[in-house]
Amino acid sequence: MVGDEFSGISRSDAQQMDAADPLARFRDDFVFADQETIYLDGNSLGRLHRDVPAAVSAVVTEQWGNQLIGSWGNWIEWSGALGDRLAASVLGARPGEVVVSDSTSVNFYKLAVAALDAAGPGRDVIVLDAEEFPTNRYIVQGLAQARGLRLRVVSSDLDEGLSTDDLGRVIDQDVALVVLSMVSYRCGAVQDMAAVNELAREAGTKVLWDLCHAAGAVPIDLTGTGAELAVGCTYKYLNAGPGAPAFLYVRKELQTALRQPIWGWFGQRDQFGMGADYDPVDDVGRFLVSTPPILAMAPLGPSLTSFEQAGPAALRAKSVAQCQLLLDLTREWLEPLGFRAAIPAEPGRRGGHVSLEHAEAWRICRALAEKAKVITDFRVPSRIRITPVPLYTRFTDVWDSADRLREVVESRQYEAFAAERSRVT
């Protein structure tokens, strides 16, 4: 590895940042089975919280094993209880506005259909970003085809994301729904939620926000920005584990005006009355469907405890500082090797990850993981996403990862890897 003398920002500087880091103690909340590997892919799958095994064991052994069905007196409230914790610590929402349930895609479908059904006559357009996350685009395409709606797809810059001005030019009285990610999955650009919500209000329509790359990475104020609908996953920055249940948000004032398309008994009034006809409750519970996956929900609690203790402002400050360190090292070390920072220039418009462009991004990404023990991920067409998650990533990890990345490229180790992408990137 290269030494401190090669950089204007030395490894000693990074060590001093770690020594002054008020969030350093939270690293101990997570499992590090391999101390040599630097994990910078928490925007795809977060690390295991050290308290998760005990939390899952308690559900399996103490509750399921010992109490059997008697545990449902506790479990039946979990979707709302975890939702309230998410609302307070991560989403800037009020109690009774968030539930944990289903997958992000299922929740997205439920809220999209509910919003379209509630749209006024003559509204037959769905607005979405051309670079919106693929599943969202596919669901919207299916809904448009099934309902005879028009898609108004807005082009966005691969580095800068979608501009609010461009959105303002396409949101009008014909629009039934606007679909947007708060943070772009590719370049990490952050949307101005308050400004977009205001545009939608003026046009009499609604925005369905995808918070998958925002929740746990950037401060979110659903209440203050006037957001009405949102969905998001819990397995990225929120560390709830692979395939963990997602969440949905519906603003309190809107809940009784919407009826989601999947009528299930967990949204039914007097659920155990087993009534003949569907009669949904008058709160966010009407957006639940069926029995929640209790074992899959258990890991979210320990991670939320860390978020509650750390606070969104401190997490954001560290994230910005770590991403800036990586960008500074990119400018000095990596740009001469053909890399380019493919993200917004303003720190306030950047999410929790850095996207670097290089013509050999795929092979470099593989070499970085297999030769240098730095785990990042690749996104088409030629991007490497690097994510220093502030709860468990050190500043020295950022410095070392840039150092190893430079070595992989300078030594051309990536040339030993096939250019064809594997299924998982």
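A pocket is an open set of points on a 1 Å grid over the protein atoms alone, where a 1.4 Å probe fits and protein lies on both sides within 12 Å along at least five of seven lines. The model shown is predicted, local features need pLDDT of at least 70, side-chain atom pairs count only at pLDDT 80 or more, and totals for chains, interfaces and linings use all residues. Residues are numbered from 1 along each chain as its sequence is written, and side-chain values use heavy atoms, with hydrogens and water left out.

**View 1. The largest pocket, of about 790 Å³.** Its lining comprises 31 residues, and Ser44, Phe133, Tyr235, Lys236 and Arg379 are the closest to the centre. Lining residues have an atom within 4 Å of a point, and a volume is the space filled by probe spheres set on points joined across faces, edges and corners.

**View 2. Elements around the largest pocket.** Two or more lining residues come from each of α5 (104–118), α6 (134–147), α12 (361–370) and β12 (377–379). The most, four residues, come from α6. Helices (H or I, at least four residues) and strands (E, at least two) are DSSP runs, numbered from the N terminus.

**View 3. The second largest pocket, of about 340 Å³.** Among its 19 lining residues, Ile76, Glu77, Asp283, Gly285 and Leu288 lie nearest the centre. At least two lining residues are supplied by each of α4 (78–91) and β2 (98–101), and α4 provides the largest share, with four.
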